[in-house]
Amino acid sequence: MSSLFNDYQPESFFDEVFSKPGKTRTHYGAMLDSVGSLTPSEYSARQKAVDAAFLRQGVTFTVYGDDQGTERIFPFDLMPRIIPQREWETVEAGLIQRITALNLFLNDVYHGQKIINDKAVPADLVLSASHYRPEFRGIKVPHGIYIHICGTDLVRDDKGDYYVLEDNGRCPSGASYMLENRNAMKRAFPGLLQSLPVRPVDAYGSMLRETLAHLAPSSVLDPVIVVLTPGIYNSAYFEHCYLAKQMGVPIVEGRDLIIRNDRVFMRTTKGLEQVHVIYRRIDDDFLDPLVFRKDSLLGVPGIINAYRKGNVALANSIGTGVADDKAVYALVPKMIKYYLDQDPILPNVPTHLGVDEKECSYILDNLDKLVVKAVNESGGYGMLMGPHASKKERSEFAERIKKNPRNYIAQPVLQLSRHPVFVDDHFEGRHIDLRPYVLCGDRVRVVPGGLTRVALKKGSLVVNSSQGGGSKDTWVLWDDPLDAPAETSPAA
C-alpha cells in the first residue's frame with residue numbers, strides 16, 4: 001500500500017476505502033495501486049495542477065456576507081469516491097421510487113388532495129409549509145410533473161447503510177461541479193479512468209436538454225429553451241452559465257424576457273423570439289412581481305399568467321418547495337406507501353417534528369444529543385449540532401423552537417461515512433455525503449455518479465461549501481468491463 005496511507009486510520013467510522021486498517025475494499029484496489037505509485041510530492045503536484053485549472057476556468061461559488069471576499073474556487077479533493085454497480089443499483093432504484101412518489105404527491109396536493117382527505121398525512125403540516133402555493137391549486141402542469149430536476153442528498157451511517165438526508169426539488173445546484181470534477185480526473189489520472197469500468201457522466205447536458213424539451217407543447221417540434229438566472233451576483237451563477245453552455249441554449253435574466261399576449265418572448269438581435277421552456281434558477285418568490293414579491297427585479301412581470309395558460313413550461317414547476325420542507329420530508333415514506341404501495345428502498349433519517357407537542361418536548365429535553373434544523377434553511381445554515389454546541393447556543397435555540405415549533409425538526413447525529421482526503425503530505429479521513437441528480441421527463445433517469453461533498457474540516461459533519469466543505473468525483477462502476485463504453489474526452 002502507498003506510503004501516503006501508512007498511518008491512515010479508519011477509526012470507528014464506516015470508511016469507504018478501508019474495511020479495517022490496511023485492508024482495502026475490493027472496488028478501490030486499482031485506484032489505490034495507482035495512487036501507490038506516486039510519492040507525496042507527485043500526488044501534491046497533481047492536486048495543485050487541478051486547483052490551478054479550476055482557478056483559470058473560474059470554477060467558483062459565492063459566499064454571502066463573508067469579509068474575506070465572496071468569490072471562491074470550489075475546493076476539490078483528487079481521490080475519487082467509488083461505488084460498485086450492485087450498490088448503485090439500490091441507490092438508483094430508491095431515487096426513482098422517491099421522485100415518483102414526490103411528483104404524485106405534488107400533483108395530488110395541488111389538485112384533489114386525496115392523501116390529505118384520506119388522512120394519510122396531516123393536512124395542517126402540509127398546508128402550513130411556507131412554500132406551499134394555494135393559488136396554484138387546479139393549475140395543470142405539463143405531464144403532471146412538478147419536479148424535473150432533483151438533487152437528493154444521501155448519507156451512510158456507521159454500518160454503511162444509505163439514508164436520505166433531504167430532497168432538493170426547487171433549484172438543486174452542483175451538477176456543474178460534478179461535470180468539472182470528472183474533467184479534472186481525466187486530466188490527473190487519464191490512464192486509470194481508461195483502465196477502469198467507470199460509467200460516464202458527461203451526457204448530463206444532453207439528458208437535461210431532453211428532459212426540458214419534453215415539457216414543451218406537443219405542437220412545438222423544436223422548442224426554444226432558456227436558462228433563467230438571477231444574474232452575476234447569485235452564488236451559483238457559474239453553474240447557470242455552465243449548464244446553459246452544456247445544453248447549447250441561451251442564458252437570460254428577467255430583463256431579457258418580455259410577455260406578449262400571455263406568451264414569453266426573448267429579446268435577440270434579430271427581434272423577439274418565443275420561449276417555450278424555462279429552466280429557472282430563481283425561487284418562486286422572485287419569479288413574477290405581479291403575483292409574488294412586488295419588489296422583485298429578477299423575474300418577469302406576467303410570466304405566471306403565461307404559465308397558467310400553458311404557453312410556457314417551467315422547470316422545476318411552481319410550488320415544489322412544499323416537498324423541500326424538512327417537516328414534509330418526514331412524510332415521504334408515507335407517500336411512497338400511499339401512492340406506490342411499497343416500502344421505501346432508501347429510508348429517511350429518523351426525524352422528530354417540532355410541530356408535534358410530544359416530539360417537541362423530546363427535542364427540547366435532548367438538544368445536547370440531536371441535530372436541529374430549520375425546515376426551510378439550506379447550505380448548513382439555521383442548524384444546531386447539539387453535541388458540539390455550547391450551553392448558551394442550545395439555550396438560544398430552545399427559545400427559537402418554543403416560539404415557532406413548526407419551523408424545526410430534529411434528527412439523531414449520524415456517524416457519517418468517511419473517505420480519505422489528502423492533507424499536506426498524507427491522507428486523513430473526512431466525512432462525506434452524496435448528491436445524485438435525478439431527471440424526470442419522458443422517463444426517470446439517474447446520472448450514474450453525482451456530487452460527493454466532503455467536510456474538509458477535521459471532525460466536521462457539515463459538507464456544504466458555504467461552511468468550508470469541498471467535493472470529490474464520484475465513480476460508479478460497470479459490473480462487466482466489457483460493457484463499459486469509452487468515456488469521451490473533456491471539452492477543450
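Predicted model: local features only at pLDDT ≥ 70, side-chain atom pairs only at ≥ 80, totals over all residues.

Reader: Which residue takes a positive phi in the hairpin of β10 and β11?

Author: Strands of a sheet pair through backbone hydrogen bonds, either parallel or antiparallel. Helices (H or I, at least four residues) and strands (E, at least two) are DSSP runs, numbered from the N terminus, and two strands pair if DSSP finds at least two bridges between them. The hairpin of β10 and β11 has 2 residues between its strands, and Asn-261 takes a positive phi near 55° there. Strands β10 (residues 257–260) and β11 (residues 263–268) run antiparallel and are joined by 4 bridges. Within this pairing, Leu-257 stands opposite Met-266 in β11.

Reader: In what order do the strands of the open sheet with β13 and β14 lie?

Author: In a regular strand the side chains alternate between the two faces of the sheet. Here, 4 strands form an open sheet with parallel pairing, in the order β9-β8-β13-β14. The edges are β9 (251–252) and β14 (313–315), each of which pairs on one side only. Strands β13 and β14 pair in the parallel sense over 3 bridges, and Val-277 has Ala-313 in β14 as its bridge partner.

Reader: How many salt bridges does a search of the whole structure find?

Author: A salt bridge is a side-chain nitrogen of Lys or Arg within 4 Å of a carboxyl oxygen of Asp or Glu. The search of the whole structure finds 29 salt bridges. One of them joins the side chains of Arg-133 and Asp-285, at 2.8 Å from N to O. This pair links distant parts of the chain, 152 residues apart: Arg-133 is in the loop between α5 (123–127) and β6 (149–156), and Asp-285 is in the loop between β13 (277–280) and α10 (303–308).

Reader: Which residue meets Arg-182 in a salt bridge?

Author: The side chain of Arg-182 meets that of Asp-473, again at 2.8 Å from N to O. Arg-182 lies in helix α6 (residues 175–188) and Asp-473 in the loop between β24 (469–472) and β25 (474–476), so the pair ties together parts that are 291 residues apart in sequence. Both Arg-182 and Asp-473 are buried. Another salt bridge joins Arg-443 to Asp-442, with the closest N and O atoms 3.2 Å apart. Arg-443 counts as partly exposed because its relative accessibility is 43%, and Asp-442 counts as exposed because its value is 52%. Salt bridges that share partners also join Glu-16, Arg-81, Glu-87 and Arg-156 into one network.

Reader: Why is the pair of Phe-5 and Phe-427 called stacked?

Author: Rings of Phe, Tyr and Trp (its six-membered ring) pair if their centres lie within 6.5 Å; planes under 30 degrees apart count as stacked, over 60 as edge-to-face and the rest as tilted. The search of the whole structure finds 17 aromatic pairs. The rings of Phe-5 and Phe-427 have centres 4.4 Å apart and planes at 5°, so this pair is stacked. Phe-5 is in the segment before β1 (18–20) and Phe-427 is in strand β20 (residues 426–435), 422 residues apart. Phe-5 counts as buried at 1% relative accessibility, and Phe-427 counts as buried at 3%.

Reader: Which residues is Val-322 in contact with, leaving aside its neighbours within four places in sequence?

Author: Contact means heavy atoms within 4.5 Å. Val-322 is found in helix α11 (residues 321–324) and is buried, with a relative accessible area of 0%. Its contacts beyond those neighbours include Phe-105, Tyr-110, Val-126 and His-131.

Definitions and conventions:
Residues numbered from 1 in each chain as written. Heavy atoms only, no water. Buried < 20%, exposed > 50% of the residue type's maximum accessible area, 1.4 Å probe, protein only.
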